[in-house]
Amino acid sequence: MKNLIPSYVRVPALFFIISGLIEFFVDSGDKPAFIEYPIIMLFLVLVLFILIAIEGIVGAIENVLFQSLDDAGKARYIANTSKTPQFNKLKALYAKLKGDEKPIEEEHEIILDHNYDGIKELDNNLPPWWLYSWYASMVFAAVYLFNFHVIGTSDTQYDELEKEYAQAKIDIAEYKKTAKNLVDVNTVELLTEASDLQIGKQIYTDNCVACHMADGGGGIGPNLTDKYWILGGDIKSVFKTISEGGRSGKGMIAWKKDLKPLEMAQVASYVLTMQNITPANPKDPEGDLWEANSAE
Ligand code: HEC
């Protein structure tokens, strides 16, 4: 039996088919699978080695068998191999796909009778590869149209996009839940869960009452229960004041060394709930009325 395809074609071809299949089946996001998962690179290298090894073994076996033939057998074998032209099937397939062209001598039979400044046109048969690709694309289009737009069982690209958006929103919410500690002044949001506010209250009691009073009425520090703010009364401004401190020399230190980002977000959120408290000895308002500003 003679191999139709030589090994220097067979090995790369098999290798690329295997790599392609892996790429197709392994979900590796934007990056190629063998970069995302280095183990796949290792696997592919192994595959390549094994393919080469198999070729080597097959070649060696053939050689041994050849040596075991008697002289007449060897002669017959050599005659056989040199007679068998390589790529016969491929060549036949190529000829079939290309279709037959008229030889130049017969071209006058198919020439069309118009003439554009000396450029003439031949009425050749359409090449089969072209014609059948065209038929295939028509079948594909019909199936596609029916599938996506008539019965609508498959998602169109718009549907896919919408689903991915929805999923991304869920993922982001999920991520934020586990990554609360990553907040900074740009991403901080008002926390409303009772557990967060409870912790915020505890932090306030431990660190802030000396200057702001337990009921937020103010002392050394300003009244936190009124609508007047020196440094801004939204969650981002309050977070920033706690994190970076107040104006220098006023006594409000930067807490970012002592409190974690999440803790600052919790106490800032708690401070904003104090707007509902009516303190026993409220300090006079300082700063600007925030509601007027908050529209900005
Ligand atoms: C040593 C006293 C002191 C302590 C302790 C203190 N503060 Fe202050 N706080 C001040 C002073 C003074 C100001 C005014 C800063 C300014 O005028 O720039 C202030 C301002 C603030 C403001 C801004 C008020 C506004 O009108 O803009 C917030 C919010 C605040 N503090 C929250 C806290 C929180 C939360 C804590 C505890 C983690 C805390 N403070 C601990 C003294 C203190």
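Entry 1, terms for helix pairs. Angles under 35 degrees count as roughly parallel, over 145 as roughly antiparallel, 65 to 115 as roughly perpendicular, and the rest as oblique. I took axes as lines fitted to C-alpha atoms, for helices over the stretch in contact, with angles from 0 to 180 degrees between N-to-C directions. Helices (H or I, at least four residues) and strands (E, at least two) are DSSP runs, numbered from the N terminus.

I am working on a predicted model, in which local features need pLDDT of at least 70, side-chain atom pairs count only at pLDDT 80 or more, and totals for chains, interfaces and linings use all residues. Residues are numbered from 1 along each chain as its sequence is written.

I looked up helix H8 (194-207) and helix H11 (261-273). The axes of H8 and H11 come within 7 Å and cross at roughly 90°. H8 and H11 are therefore roughly perpendicular to each other. I then listed the contact, where two residues are in contact if their C-beta atoms, placed from the backbone, lie within 7 Å. H8 brings Asp-196, Leu-197, Ile-199, Gly-200, Lys-201, Ile-203 and Tyr-204, and H11 brings Glu-263, Gln-266, Val-267, Ser-269, Tyr-270, Val-271 and Thr-273. By class I noted 7 nonpolar, 4 polar and 3 charged residues in the contact of H8 with H11. For these classes, Ala, Val, Leu, Ile, Met, Phe, Trp, Tyr, Cys and Pro count as nonpolar, Asp, Glu, Lys and Arg as charged, and the others, Gly among them, as polar.

H10 and H11 pack at an angle of about 125°, with their axes 9 Å apart. That makes H10 oblique to H11. The crossing is right-handed; a crossing is left-handed if the near helix is turned anticlockwise from the far one by less than a right angle, and right-handed if clockwise. On the H10 side I found Ile-235, Val-238, Phe-239, Ile-242 and Ser-243, which meet Met-264, Ala-265, Val-267, Ala-268, Ser-269, Val-271 and Leu-272 in H11. The contact of H10 with H11 has 10 nonpolar residues, 2 polar and no charged ones.

Which residues have the most contacts inside the largest nonpolar core? They are Phe-239, Ile-242, Met-264, Ala-265, Val-267, Ala-268 and Val-271, in a core of 17 residues. H8, H10 (235-244) and H11 each supply at least two residues of this core. H11 gives the largest share, 6 residues. A nonpolar core is a set of buried Ala, Val, Leu, Ile, Met, Phe, Trp, Tyr and Cys residues joined through C-beta atoms within 7 Å. A residue is buried if 20 or more other C-beta atoms lie within 10 Å of its own, exposed if 12 or fewer, and partly exposed in between, with C-beta atoms placed from the backbone. I also checked Val-271: leaving out residues up to four places away in sequence, Val-271 touches Tyr-204, Leu-224 and Val-238.

I moved to helix H1 (residues 7-25) and helix H3 (residues 38-68), whose axes come within 10 Å and cross at roughly 155°. H1 and H3 are therefore roughly antiparallel to each other. H1 passes H3 in a right-handed crossing. Among the residues of H1 in the contact are Val-11, Leu-14, Phe-15 and Ile-18, and H3 residues there include Leu-44, Val-47, Leu-48 and Glu-55. This contact of H1 with H3 divides into 11 nonpolar, 2 polar and 1 charged.

Asp-117 is in the loop between strand E1 (111-116) and strand E2 (119-122). Asp-117 is exposed, with 4 other C-beta atoms within 10 Å. For Met-213, also a residue other than glycine, phi is positive and near 70°. Met-213 lies in the loop between helix H9 (209-212) and strand E3 (228-229). Is Met-213 buried or exposed? Met-213 is buried, with 21 other C-beta atoms within 10 Å.

Gly-221 is found in the loop between H9 and E3. Gly-221 is buried, with 20 other C-beta atoms within 10 Å. Not counting residues up to four places away in sequence, Gly-221 touches Cys-211, His-212, Gly-251 and Met-252.
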